[in-house]
Amino acid sequence: MRAEDISEVAVIGAGTMGAGIAGEFARAGCRVRLMDLSEDVLARGMATLDSAQKALVGAKLITASRAKTARKRVTPMTCLETSCDGVQLLVEAVSEDMALKKKLF
């Protein structure tokens, strides 16, 4: 599979890294499922993503239209199974806690 063939991505972990990764994939044209078990972390992750989009628009690195389109490609989710179903790429971005990573995998 080539990078150009990837259109559906799951990012597990909606912290700073996960939100940033989700934004990058969305701006590249992928549909992204940003997943976290915590509604609070998920809400903060989406706010981080929105803030990054605004910063990129402010710096004239992307247009407001492109930012809006990319944002629509990101779906926040709290169910691990649903978020991973049918994706072509899964990115693990949970906290740097080995027990948590082992539990996830």
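Q: Before we start, what makes a helix crossing left-handed or right-handed?
A: A crossing is left-handed if the near helix is turned anticlockwise from the far one by less than a right angle, and right-handed if clockwise. Here, helix 1 and helix 2 make a right-handed crossing.

Q: Which residues make that contact?
A: Ala-19, Ala-22, Gly-23 and Arg-27 of helix 1 meet Gly-45, Thr-48, Leu-49, Gln-53 and Leu-56 of helix 2. Contact means heavy atoms within 4.5 Å.

Q: OK, and what is this model based on?
A: This is a predicted model, where local features need pLDDT of at least 70, side-chain atom pairs count only at pLDDT 80 or more, and totals for chains, interfaces and linings use all residues. Residues are numbered from 1 along each chain as its sequence is written, and side-chain values use heavy atoms, with hydrogens and water left out.

Q: Which residues of helix 1 are buried?
A: Gly-18, Ala-19, Ala-22, Gly-23, Ala-26 and Arg-27. Buried means under 20% relative accessible area, exposed over 50%, and partly exposed in between (1.4 Å probe, protein chains only).

Q: Where do they sit around the axis?
A: They cover an arc of only 160°, which puts them on the same side of helix 1. That arc is taken from the directions from the helix axis to the C-beta atoms.

Q: What do they pack against?
A: Strand 1 (8-12), strand 2 (31-35), helix 2 (39-58), helix 3 (64-72) and strand 3 (74-77). Helices (H or I, at least four residues) and strands (E, at least two) are DSSP runs, numbered from the N terminus.

Q: New topic: is Lys-60 buried or exposed?
A: Lys-60 counts as exposed, at 74% relative accessibility. Lys-60 lies in the loop between helix 2 and helix 3.
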